Every structure is written in C-alpha cells, then in structure tokens.
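Here is a quick tour of how this chain packs together on the inside. Have the structure open and click along as you read.

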Amino acid sequence: MNHHAREPRLPSPRGPLSTAVTANLRGSGPLPDPAGAGAADPYGDDLQLALYVCYELHYRGFAGVPAEREWDPELLRVRAALEDRFLSALRADTPVHDSLDDALGALLVVPPEGTGVAGFLHKEGELWQVREYAALRSLYHLKEADPHAWVLPRLWGRAKAAMAAVEFDEFGGGRADRVHARLFADLMTDLGLDTAYGRHLDAAPAEMLALVNLMSLFGLHRGLRGALVGHFAEVEITSSPASRRLAEAMRRTGAGPAAEFFYDEHVEADAVHEQVVRHEVIGGLLAEEPELAPDIAFGIDATEHLEERLARRLLADWRAGRSCLRIPLGTTGLGKTERRISHTS
C-alpha cells in the first residue's frame, strides 16, 4: 500500500489556537479570534502548530477535512493573523546582513568540523539521534521542493528557467524512483521509521515546525517571492557540505544503504544547484527586479536564524542524553522493526 498517498490525520493540539483550529476542521467548534494571535509566542508550539495546520491544507490536507476548507475565508483570516505575528517576529529578530553579497558570502563559509547538527552527527552522533533527526526532517523532505514550486509562476526569463531546472532534479528528473521525497522515504525505511506522510508531526518541536512554516509562508505570497528565492539559495548552497557530513554519519552509524545514498545524492546534486541558484536564479531575478535584493537577503538570513534555533534545541537535548522529540519514537505505535532499532540504540 502506498502510504504517501494518504491524507494525514489532524495532529494533537498544543494550546488554545491549535485546539480551536483543529476542532473547527473536525466540525466541532468555532475558529479562534484572529486577535488572539497577537498575544501568542510567535515561535511557540501553539502558534506554529496552528499555522502548520492551516498551511497543510494547501498540500495534502487532512483525513476527514473537506478540500474546500483550503480557501475558507474565515480560516484564511485566522491564518493571516498567525502569519503576521510570525513574520513580524522574524523581521524584528533576524540578524540581517548589510547586503545580499554579504549574505551569500556567509553561506559559502563551511562550518568547522564538529560544529552544528551535521557536524555533531558526523563526529559523535548515535543511531538513535540519527533516527530522531530523520523523523524531524521528514516534515519537509517527504514534500521536498513542493513549497519552492509555488514561486515558478512568479518568475520569468533566466530565473524561471533555472529554478525549473533545479526543481526538475528535485522531482527526480522524470523518474518516480528518483524523486527526492521518495529517496528520503527509503532513508526512513532503512532507519525503521514509519514513512507515512505527516506521521511524525506530533513528535516535532516548534523549532522544526517554524522552519517548514517559513517555506510555506514565503511560497504562498507573491510579495515574498524574493525571500523564497533567498530561502532556496540558503538550502542549496549549504546542502552539499552538510550532506557530505551526514552521509558519513549514516555510514558510521550503520544507518543503511538508502540512508547513505540520500545524502550522497545531495552532495553531488546540490554542488551543481548552488551554482545555478546563485548565478541564474538570483542573477536572473535581480536582472529583472533589482529592488528585491533586500528580500533575498532576508530570506537567507531568516532561514539561517531558524536553523540555528533548531540546532540549539537539538544539540542541547542530545548532549544532555535526552530525546529532542515531544513524543519518543518508541511510543508512537510504530512497527516491529522500528521498536527493535530503538531499543538497541
């Protein structure tokens, strides 16, 4: 059976905003007052989950939720309030480079060995930590490149052609078995993880939800197309060196051949993508709309800001010997293979 074709179930709420949104989608209560978003922690579990649920209606939706709720005007008002709270916080809190050249230059500096999440997993991570990392990243990688595809109708010329070329690679170059989301599912299978779309949403902390929400926020708004291109540049430029370390982590921990292949594939592919994104996507966009340079820089820096928040959370938990997940993998009703790996790690 193809688990990836299923609509996921609605997640368990984490506060008043997400409780009201999920209850309303189940048909059992009113939506929250949009004004309530203004008092919520912009990076907290409640707001981030409520926003994630609103965004997910534009992807696979949820089991039992009618498709027409995607464009429900009242729900969109709530989403807009959540977005405004999140985006305002990002604009206030993100350390932004003075210029786009400075932002891009910072991305080209490879972090020292042993630093960051990839460095930690490469040098000292254990199999249980590799599995937790994969479970978290599945929130994006099982829909890899989907949020970025929304920018295509908002580009033209060199930028559009180059962006489409990179996306074509992300979607397997015409081969279903090479779609990157499929490759990540194979990685998860190697690690004994449930590969169902959205399966690990309840386990993910707010820091991970915020990263995925950032892609949706930038992708769904034409006015943020420059920020989306900046986000995409950050992902592609930093991916190759990080993937090299993660590939070695997979080998060292015995994660399995598909797990190794996923990151090996990204080492090669993203080294090429980096050049295309910098010179053709960004260069082409600036040739048409030079005024978007600050937005591209913001997209880069906001992504780095949220990646660093996630890294601090993960590394603090792992170095203390505790899980970074809200729900341990061994207690989420997973299969025999996953329980066996969890207990032996």
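Let's start with a helix pair: the axes of helix 4 (residues 100-107) and helix 13 (residues 293-319) come within 8 Å of each other, crossing at roughly 35 degrees. Keep in mind that this is a predicted model.

**Helix 4 against helix 13**
- Two packed helices are described by the angle between their axes and the distance between the axes.
- The crossing of helix 4 past helix 13 is left-handed.
- On the helix 4 side, Leu 100, Ala 103, Leu 104 and Leu 107 make the contact. Helix 13 brings Ala 293, Ile 296, Ala 297, Ile 300, Asp 301 and Glu 304 to it.

- In soluble globular proteins, nonpolar side chains tend to be buried together.
- The largest nonpolar core here has 106 residues, and the members touching the most others are Leu 82, Phe 86, Leu 121, Leu 187, Phe 218, Tyr 263 and Trp 318.
- Helix 13 gives this core its largest share, eleven residues.
- Take Leu 187 as an example: leaving out residues up to four places away in sequence, Leu 187 touches Ala 134, Ala 258, Ala 259, Phe 262 and Tyr 263.

**Aromatic pairs**
- The model has six aromatic pairs.
- One of them is Phe 184 with Phe 262, an edge-to-face pair with 5.1 Å between centres and 75 degrees between planes. Phe 184 sits in helix 9 (residues 180-190) and Phe 262 in helix 12 (residues 257-288), so this pair ties together parts that are 78 residues apart in sequence.
- Both Phe 184 and Phe 262 are buried.
- Phe 218 and Phe 298 also pair edge-to-face, at 6.1 Å centre to centre and 65 degrees between the planes. Phe 218 belongs to helix 10 (residues 206-220) and Phe 298 to helix 13, so parts 80 residues apart in sequence are tied together by this pair.
- Phe 218 counts as buried because its relative accessibility is 1%, and Phe 298 counts as buried at 6%.
- Phe 184, Phe 262 and Tyr 263 make up one aromatic cluster.

**Helix 9 and what follows**
- The buried residues in helix 9 include His 180, Ala 181, Leu 183, Phe 184, Ala 185, Leu 187 and Met 188.
- After helix 9 comes Gly 192, with a positive phi near 70 degrees.

- His 231 is part of helix 11 (residues 225-253). Its relative accessibility is 1%, so His 231 counts as buried.
- Not counting residues up to four places away in sequence, His 231 touches His 148, Leu 214, Met 215, Phe 218, Gly 299, Ile 300 and Thr 303. His 231 and Thr 303 are 72 residues apart in sequence, yet 6.0 Å apart in space, C-alpha to C-alpha.
- Gln 48 is in helix 2 (residues 45-56). Is Gln 48 buried or exposed? Gln 48 is buried, because its relative accessible area is 0%.
- Leaving aside neighbours within four places in sequence, Gln 48 is in contact with Pro 42, Tyr 43, Phe 86, Ala 206, Leu 209, Ala 210 and Asn 213.

Conventions: Residues numbered from 1 in each chain as written. Heavy atoms only, no water. Axes fitted to C-alpha atoms, helices over the stretch in contact; angles between N-to-C directions. Helix = DSSP H or I, 4+ residues; strand = E, 2+ residues; numbered from the N terminus. Left-handed = near helix turned anticlockwise from the far one by under 90°. Contact = heavy atoms within 4.5 Å. Core = buried A, V, L, I, M, F, W, Y, C linked by side-chain atoms within 4.5 Å. Buried < 20%, exposed > 50% of the residue type's maximum accessible area, 1.4 Å probe, protein only. Phe/Tyr/Trp six-rings, centres within 6.5 Å; stacked < 30°, edge-to-face > 60°.
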